[in-house]
Amino acid sequence: MKKLNFLGLIALFFIMMSCQVQVPMSAEYFQKPSKIGLFVNVNEPQKFREGSQGLLDLAVTSGDKYQPLLDLAKKSHDPKQDLISMYSEILRSKGKEVVIITDTFEPKTAEKFKGDKLEGKKYSNYDFRYLKAKYDIDEVAFVNVNWGVIISYYSMIETGRAGYTYIDNRIVNLNDNTLYFANDNVKNAIIKGKWNTPPNYDNALAKITEALAKAKETEKTLFQ
């Protein structure tokens, strides 16, 4: 991975983390019938970083030794289809008519919400109102998934690593882009012992799988 692209990814990651917002689901939401679009975006498995590193350290340690593991994780898992099936079942059980959104989501080019904001209301950072007419829906459930491994650093020294999944889940009212619901779900599974065991990377891959499973179990409980 090129240094510039990697640093851009890290900047985007920390922007997302700094924009976390929690909006609890109101009991009234599921009491009225509506058509909801299900828009699941699963990003490529990546290597994330946490800890004490400056930009120079990031550039120096931005090698690709984890890429074979991430490539194997991509071949081994299909989180998008699993999540689409899971959310569809949950939402339909709550009386919602579900429409699968097939648009591609690009965070760097997706339109940001610039409309008027009323005091006391929470709004989606991205403007999803265009989906209302395009798919004939009332709301959209936008689920964005980042996953892979997260590496802890002190300066240029790796101090730990874990399987990692971060799911941000938003239900957006397409009349005004307000949030009916928002939740951020972060799960880690610490990799103990050796991780670099090609070709199967059994230990590390198992922890990536575990982090995905833990995040999915939490998502199952969100609308109960």
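**Reading the model**

Mentor: Asn-183 counts as buried, at 14% relative accessibility; buried means under 20% relative accessible area, exposed over 50%, and partly exposed in between, with a 1.4 Å probe and protein chains only. This is a predicted model, in which local features need pLDDT of at least 70 and side-chain atom pairs count only at pLDDT 80 or more, while totals for chains, interfaces and linings use all residues. Residues are numbered from 1 along each chain as its sequence is written, and side-chain values use heavy atoms, with hydrogens and water left out.

Trainee: Where does Asn-183 lie, and with which residues is Asn-183 in contact?

Mentor: Asn-183 belongs to strand 6. Helices (H or I, at least four residues) and strands (E, at least two) are DSSP runs, numbered from the N terminus. Contact means heavy atoms within 4.5 Å. Leaving aside neighbours within four places in sequence, the contacts of Asn-183 include Val-21, Gln-22, Arg-170 and Leu-222. With Gln-22 there is also a polar contact between the side chains, at 3.0 Å. A polar contact is a pair of N or O atoms within 3.5 Å; within protein, one must be able to donate a hydrogen and the other to accept it, and residues adjacent in sequence count only if both atoms are side-chain atoms.

Trainee: How many helices and strands does the protein have, and how do the elements run?

Mentor: There are 6 helices and 6 strands. From the N terminus on, the order is α-β-β-α-α-α-β-α-β-β-β-α. Of the 224 residues, 48% are buried. Among contacts between residues at least 6 apart in sequence, 75% join residues at least 24 apart.

Trainee: How should I read the buried residues of a helix?

Mentor: An α-helix has 3.6 residues a turn, so residues three or four places apart point the same way. In helix 3 (residues 67-76), the buried residues are Leu-69, Leu-70 and Ala-73. Seen down the axis of helix 3, the buried residues fall within an arc of 95°, so they line one face of the helix; the arc is that of the directions from the helix axis to the C-beta atoms. Ser-76, also in helix 3, is partly exposed, with a relative accessible area of 40%. The side chain of Ser-76 reaches the backbone oxygen of Leu-72 at 2.8 Å.

Trainee: What is a nonpolar core, and which residues have the most contacts inside the largest one?

Mentor: In soluble globular proteins, nonpolar side chains tend to be buried together. A nonpolar core is a set of buried Ala, Val, Leu, Ile, Met, Phe, Trp, Tyr and Cys residues joined through side-chain atoms within 4.5 Å. The largest core here has 37 residues, and those with the most contacts inside it are Leu-69, Tyr-87, Val-149, Ile-171 and Phe-223. Elements giving two or more residues to this core include strand 1 (35-42), helix 4 (79-93) and strand 4 (139-154). Strand 4 supplies the largest share, 7 residues. A second, separate core of 18 residues includes Val-21, Ile-101, Phe-128 and Phe-142.

Trainee: How many salt bridges are found in the whole structure, and what do they join?

Mentor: Side chains of opposite charge can pair when their charged atoms come close. A salt bridge is a side-chain nitrogen of Lys or Arg within 4 Å of a carboxyl oxygen of Asp or Glu, and a search of the whole structure finds 9. One of them joins the side chains of Lys-35 and Asp-136 at 3.2 Å, N to O. This pair links distant parts of the chain: Lys-35 is in strand 1 and Asp-136 in the loop between helix 5 (130-135) and strand 4, 101 residues apart. Asp-136 counts as exposed, at 52% relative accessibility.

Trainee: Are Asp-184 and Arg-170, another such pair, buried or exposed?

Mentor: Both Asp-184 and Arg-170 are buried. Their side chains meet in a salt bridge of 3.3 Å, N to O. Asp-184 lies in strand 6 and Arg-170 in strand 5, so the pair ties together parts that are 14 residues apart in sequence.

Trainee: Which side chains does the side chain of Ser-34 join through polar contacts?

Mentor: Ser-34 has polar contacts with the side chains of Lys-96, at 2.8 Å, and Glu-139, at 2.9 Å. Ser-34 is buried, with a relative accessible area of 9%, and is found in the loop between helix 1 (3-18) and strand 1.
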